[in-house]
Structures are given as structure tokens and as C-alpha cells.
Amino acid sequence: MAGLSDPFLSPALGAALVQWLSHLQALEGAAVNTIEAYRRDVARYLKFLSAHRGGAEGIASVARTTHSDLRAWMAEERKHLSARSLSRALSAVKSFTAWAADRSGTDATTVLSARGPKHRRKLPRPLSEDAAATMLDEIGADAREDWIAARDTAIATLLYGLGLRISEALSLTAADHPLPETLRITGKGGKTRPVPVIPAAAEAVAAYVARCPYDLTPGDPLFRGARGGPVNPRLIQGAMERARLRLGLPATATPHALRHSFATHLLAAGGDLRAIQELLGHASLSTTQAYTSVDAARLMEVYEKAHPRA
């Protein structure tokens with residue numbers, strides 16, 4: 001946890017913040033990016049409370065935050081945070097407060113019962129099936145070398161064909177080639193899930209490997225940049241941006257939209273919602289429902305087919 005403490009907090013609060021983050025990382029398997037986002041949110045909250053109350057605080061006092069304190073903090077944060085970001089910050093504050101209350105033996109009901117601002121979840125738009133297929137054909141069209149074109153095509157095929165996040169596709173190593181029938185993918189929170197590999201994905205990766213000019217040693221990244229290093233996600237984002245401009249597709253045609261299209265097209269073809277949840281690596285079914293933009297009628301249809309009492 002070195003480097004996660006905050007010099008602007010009192011020693012007691014700084015130590016508490018580091019201990020809580022260590023707990024999240026060690027016991028709950030929180031990802032590095034999640035840890036950093038939570039650190040920023042909670043450190044800002046603790047600094048506000050100290051200034052608002054006119055002095056340093058201990059964790060027992062933090063756990064006894066009043067409605068007035070909380071409203072003042074949320075009003076201050078709302079000046080520079082969106083409703084969505086404030087909801088995320090409140091979630092982090094609640095997690096920290098519950099941890100602090102447990103250790104100090106205090107009642108944190110006021111904070112834990114607080115509601116964040118309402119916001120409408122913004123979802124990426126899926127490509128049509130034809131547009132997704134055309135994107136796979138087009139993404140490497142302006143690459144300066146054939147092997148780079150094959151690389152970009154292979155990565156895009158993994159996103160659309162397997163529903164991987166771009167970070168998951170780029171985390172594959174040379175040891176993953178040739179792709180097996182099922183890949184073990186480590187996603188958010190360090191959770192591992194099995195993902196079936198379709199032939200088109202295995203063939204696209206094999207075509208890239210056959211052209212790649214670099215030695216692909218097991219343990220090293222499978223996908224290489226022009227100079228042999230790991231591929232920066234921005235390269236794939238840029239390749240898709242150029243392809244969508246050539247194809248006349250909207251700005252929502254991003255790498256993440258390919259993953260979204262994978263889920264949406266599976267569902268439209270009659271795929272089971274729970275199975276799609278597992279393939280995407282979502283922790284809860286509600287996330288999958290929102291992610292795939294499922295309407296109420298389709299959800300009821302899935303429910304009636306799957307529920308034994310329907």
C-alpha cells in the first residue's frame with residue numbers, strides 16, 4: 001500500500017485509509033484501478049470532514065457523520081462531479097464508513113442509509129450484426145504493415161467473438177497461442193472465468209502469429225506494437241476510429257461497443273441471460289440486464305422460459 005497514503009490527512013486518518021485499502025485489496029480482491037479511485041474519493045471526503053468540523057478526526061468520529069455533514073459534502077462534490085461520479089464516491093464512502101464503524105464499535109446508520117443522486121445509466125450502443133462484421137474486415141485496412149493489420153483484426157475478433165474487454169484481450173500472452181477451446185480470462189477484481197473460443201477467433205489469432213515479426217516467447221505479451229512492446233489500447237481505439245469514419249459509423253463504434261455487441265447479439269439470438277452474465281464476467285445479473293439494453297418484454301420472456309413457477 002506504499003504510495004496510497006495522503007499527506008493532507010491527519011496521521012490517524014491517513015493510517016485508517018491505508019488499512020482500509022489494504023483490506024479491499026487483500027480480502028476482496030479489488031483491482032488496482034478500483035483501489036486508486038476509492039483512495040481519491042475517500043481522501044477527498046475525509047479532508048472535507050476535517051475542514052467542515054474544524055479539525056482532525058479519528059475513525060470513530062468519521063463513522064458518526066451526521067445527515068448535515070453528509071449533505072454538505074455531497075453539495076460540495078456536486079460542484080465538480082457528475083451525478084454518476086458522486087454515486088460512485090458515495091459508494092466508496094459507505095464502504096470505508098462500514099469498515100471504520102466495525103473497528104470503532106460505532107453506529108454508521110446515517111451514512112450507510114444515505115442515497116446518492118439519481119442518474120440514468122449511460123450505455124454504449126451496439127453495432128448491428130452487419131456493421132460488426134464489416135468492422136472486423138475493415139479495421140486493419142489502413143495498417144502500414146500486413147502483420148499489424150492481422151493483429152488489429154485478431155484483437156477486434158476477440159472483443160466481438162468472445163466478448164472480452166480490450167484490457168483482457170491485450171493481457172493474453174504467447175503461451176495462450178494456439179487458442180484452446182476454452183480460455184481462462186482474469187477480469188475485474190481478479191476474478192477468473194472460462195470463455196469458449198469460436199473458430200474465427202482462433203483463426204484470426206493464428207493468422208496474426210504467422211505474420212508477427214517478433215519472437216513470441218511464452219510469458220511475453222501475445223500482441224505486439226510496431227517496436228515489439230505491448231500494444232497500447234489507444235492503438236486499437238485509433239484503428240477503430242479510422243475504420244468507423246471510412247464506414248460512416250457513429251462515434252459510439254468503439255472497442256467497448258464490440259463487447260457490447262457480442263452480448264446484445266447473443267441475447268437477440270435467444271442466448272440465456274445468466275450464461276451471458278458469466279461470459280461477460282459481470283458480478284451481478286442486474287449489470288448484464290442494463291449492459292445489454294434488455295427491454296421489459298424480453299426480460300419477461302426469459303423469465304417465463306426459465307422460472308419453474310412461471
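This is a predicted model: local features need pLDDT of at least 70, side-chain atom pairs count only at pLDDT 80 or more; totals for chains, interfaces and linings use all residues.
**Strand pair.** Residues are numbered from 1 along each chain as its sequence is written, and side-chain values use heavy atoms, with hydrogens and water left out.

I then recorded that β1 (residues 182–186) pairs with β2 in the antiparallel sense over five bridges. Pairing requires at least two DSSP bridges between two strands. Helices (H or I, at least four residues) and strands (E, at least two) are DSSP runs, numbered from the N terminus.

In the hairpin of β1 and β2, five residues lie between the strands, and G189 has a positive phi near 70 degrees.

Buried means under 20% relative accessible area, exposed over 50%, and partly exposed in between (1.4 Å probe, protein chains only).

**Helix α4.** I located A75 in α4 (residues 67–77). A75 counts as partly exposed because its relative accessibility is 47%.

**Helix α12.** I compared the span of α12 (residues 255–268) with expectation: at 1.5 Å a residue, its 14 residues should span 20 Å, and the end C-alpha atoms are 20 Å apart, which agrees. The expected span is 1.5 Å times one less than the number of residues. I found 11 of the 14 residues of α12 buried, among them F262 and L267. Just after α12, G270 takes a positive phi of about 100 degrees.
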